[in-house]
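Student: Hi! Could you walk me through this one while I have it open?
Tutor: Happy to, let's bring it up.
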Amino acid sequence: MTETKAKAWRNDAVAKVTGRAKYADDYKFYGMLHVVPVYTDAVSAEIHAIHTDEAARMPGVVRIVTAKDVPGNPVYGQIQKDYRILADDRIRMEGDVIALVVAESRAQALEAAKLVKADLSPLPAIFDPEEAAKDGAFLIHPEKGTNIINHHKVRTGDAEEAFKHCDIILNEVFQTQHQEHAYIEPESSVADPGDDGVIRIYGSMQHPFVARRFSACVLGEPLSNIDVLTIPVGGGFGGKDDTAAIVAARAALCARLTDRPCKLTYAREWSMKESYKRHPYKVYYKMGLTKDGKIQACDVTVYADGGAYCSVTPWVTFRSTAQCCGPYVVPNVHCDIYGVHTNNVFTGAFRGFGSPQINYVVEQMVEKAAEALGMDEIEFRRLNCVKQGSTTVTLQKLDNHKVSLEQVLDTTLEKIGYYEKRKHNTYGKLNDNGEYYGVGIAMSYRGMSLGAEGPDFCAAIINAQFDGSIIIETGIHENGQGSESAMILTAAEYLGVKRERIRYHRSSTSTIPDSGTTVASRGTIMGTSAVVLAATKLKEQMSRCLAPELDCPPEDVVFANDCLTAPNGKSLTWDQAVLKMFFLREHPFAQDTFRVRDGIDCSWDEETGHGKAYFTWVYGCQAAEIAINPKTGKIRLINAAATHDVGKAVNPPFVIGQINGGMAQGFGYGTMEDLGIKDGRISNLNLGKYKIPKANELPDFIVTLVENYDPMSKSGAKGIGEPALELMAPAVANAIAHATGKRYQSLPMIIPPEK
Amino acid sequence: MEITVNGTKHIVDDSRQDDELLNWLREDLNLTGTKNGCHVGICGACVVLIDGKPMRACRRLLKHADGKEVTTIEGLKGKDGALHPLQQAFVDCGAVQCGYCIPGMIMSGHALLLQNHHPSRDEIRKAISNNLCRCTGYVQIVDAIESAGNAYDENA
């Protein structure tokens, strides 16, 4: 266990504190044009015509682009091809874009955009996913024949029979809300058409490869014609996957059509209107218990609001399915999770990815269960939670890594002082301060990376230069989390060289093989594993070439302290070694790929919901101590603690930083964040009305890292981005219940002021 | 109009009185360190100092800066080309993640430390309460501002 206050280091910090770091909107090119999207005022409508003539005559306007101008296929999607780069048949959500105005200046484009008009006739609309899932409901995409995007199941044991033998059965309903990512940098992309026929894209995104795929699809050109370069990103949190790809593809489209560089920078209001959100879930949860304190059965039905487009709804809801009972052993499970289209804003990837909703429900259900049984809420968790060798609800045996759930639970209880503090829980009676007071916890396990969602593999390249410097890159994207620094530190450790030798080359989609998206807390585990494999390959090459010089068998060469050393005491400095490689006509260059093996590491049966959902897991526990002012209903977070098993903390200050930030986002999710969406229209379109936690609304957090080296990762390290977010809302929910004596079963939890 | 930015005087035509300061800094002076996050004066990514006071450049017009001294993140410098001590503190405390809020955050922190070299953590949290950060949960940012106070004593 480590608690670190060491001086922090990351490779991009100096650029970011001096203002030198260039984000997408900071790029300018000679002759650059500005692009502005055009929205309608409809939520669900048929499009008859789009009128652009008047706008096209405005000063500075170079071109107005509609769907008919798209040279390739205007329809794309990572899973289901249902997203139109520009709407031409229907408006399916408030944020649909019908045209792009391209002008010499942004001001001119904004003026002209007001004059683009559409002839629309209203269509019915549907906003409740449960209603939308029914037969006969208005269809958002008639060609699909249903609004149901996907239906995931778990069929383990015999839940129906098991409920008959239970002593206590709980039946509860929960509702969660849309959550906006609220990255401080709105989406932006600049596309520069090169004289070599390649369009280079400088954009704010976390999945450059999907930006390339989407752009190539829309342009009808090969992937090799599009080069998406890595630049600093002002926050992603899952939100700069598909949405950012749409922005990049639109910029690329305008650049190809005008043959000039084009910049598309979103205003905050456009970003919030159009970008996908976290899925709202309606959850029906039935739990059966026996008097001995065991959970015997769960029946779970979820309607997830996918909004107008599929995006990654099937993957988000897959995680909810695999983790539908939280970190508890339940022998009989019947689970149905539906992703459903509505005319609401679409939903997709958001840090947590289907787990924050489930954890919010499960961690309240276990406390209700303990209460119904008359048991201590911690002892109930301890009795039912997964342990070394336990079997998950999808029949995966947890035996390939250390199951540390009780370790993180015990640490969090101690750090927050749970047993002492809970004596002061007020359960609805004001304390001496005239406040309600409560302490609560929540814990989880989380499958690492993509799991059985899809192919999961990542590339790394190490290119040692003849002057001793080293260039590395990976298929993982720097979203602000510090991935590049983690890769540099890993390469330095495994090559036995000083970190100062290593420069991280900002990858482009033309230099590094497509390694998928940087989401799912997969950056560290996939990227550092690939770096370790590439470093191992490079060392094998150098040992083979230089063993004669060192007078020892290649396998005996040791790489440490900037030297290659033989057991006989002979050694070469790193500088000497790479120079000798030059004269041997050998490039010290290695590429390798870390692969999650299909069917061996991960597997899944859609009908039964059985399989190894994820190749390894992480464990976390968070606690919240709150006070509620009865007059205002305001929830004050007094203290919060978090303990997470990260396998190995590669760069501890930034592991802690991830946890701090995740807790803040989780607190916002639990207590304040709300789009104010009604009939498909979002009323809180900027950060004034859409509240996220401010510095004076949060305490210092008590963060503890647990490091159980994970043999499934080549570096031992796992991930932390999402586990950090997914526990604060349920911990606060439990604290609120302990403070007020009431359960708040919908998000955000707003406590009504007392009169 | 005469506007001084980071020590350099700029003569600006009076016809531009009602132009927005943020846009002018970014587009005319290429000082892109000052960021646009919300454009309505909420997020604080565009905070600059005008005569030492933290101001949102997206809510200020050029006439508001006429005859005044504007300091942006590019104007914050340490001795002999080193980082300014507050910038160095942000690096050392691990206060930087995506970095987009950081220029505004540093300018708000700098304005506070100019007035009060040793603020309490609560005072720091209050001073940056109009600078939104979505990555860090603010803890390490507060650490950074707190730890830089001694350098302000030395420069006083």
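This is a predicted model: local features need pLDDT of at least 70, side-chain atom pairs count only at pLDDT 80 or more; totals for chains, interfaces and linings use all residues.

Student: How many residues of chain B are in contact with chain A?
Tutor: On the chain B side there are 46, and they are in contact with 54 residues of chain A. About 3,800 Å² is buried between the two chains, and carbon and sulfur atoms give 55% of that area.

Student: And how many salt bridges are there between chain B and chain A?
Tutor: The count is eight. One of them joins B:Arg26 to A:Asp25, with the closest N and O atoms 3.1 Å apart. That pair belongs to a network of salt bridges linking A:Asp25, A:Asp26, A:Lys263, B:Arg26 and B:Lys35. As for polar contacts across the interface, the rule finds 30 residue pairs.

Student: Which elements of chain B give two or more residues to the side that touches chain A?
Tutor: Those are α1 (21-28), α3 (85-92), α4 (102-115), α5 (121-127) and α6 (139-147) of chain B. The largest share, four residues, comes from α3(B). By class, that side of chain B has 22 nonpolar, 14 polar and ten charged residues.

Student: Switching topic: how many salt bridges are there over all chains?
Tutor: A search of the whole structure finds 61. In one of them, A:Lys144 meets A:Asp82 at 2.7 Å, N to O. A:Lys144 sits in the loop between α4 (129-132) and β9 (148-156) of chain A, and A:Asp82 in the loop between β4 (75-76) and β5 (83-84), so the pair ties together parts 62 residues apart in sequence.

Student: Is A:Asp82 buried or exposed?
Tutor: A:Asp82 is buried, at a relative accessible area of 1%, while A:Lys144 is partly exposed at 25%.

Student: What about A:Glu363, which residue does it form a salt bridge with?
Tutor: A:Arg381, with the closest N and O atoms 2.9 Å apart. Since A:Glu363 lies in helix α10 (residues 355-373) and A:Arg381 in helix α11 (residues 377-384) of chain A, the pair ties together parts 18 residues apart in sequence. A:Glu363 is buried at 0% relative accessibility, and A:Arg381 is buried at 0% too.

Definitions and conventions
Residues are numbered from 1 along each chain as its sequence is written. Chains are lettered from A and ligands numbered from 1 in the order in which they are written. Side-chain values use heavy atoms; hydrogens and water are left out. Contact means heavy atoms within 4.5 Å. Buried area is the accessible area (1.4 Å probe) that two parts lose on being put together, summed over both. A salt bridge is a side-chain nitrogen of Lys or Arg within 4 Å of a carboxyl oxygen of Asp or Glu. A polar contact is a pair of N or O atoms within 3.5 Å; within protein, one must be able to donate a hydrogen and the other to accept it, and residues adjacent in sequence count only if both atoms are side-chain atoms. Ala, Val, Leu, Ile, Met, Phe, Trp, Tyr, Cys and Pro count as nonpolar, Asp, Glu, Lys and Arg as charged, and the others, Gly among them, as polar. Buried means under 20% relative accessible area, exposed over 50%, partly exposed in between (1.4 Å probe, protein chains only).
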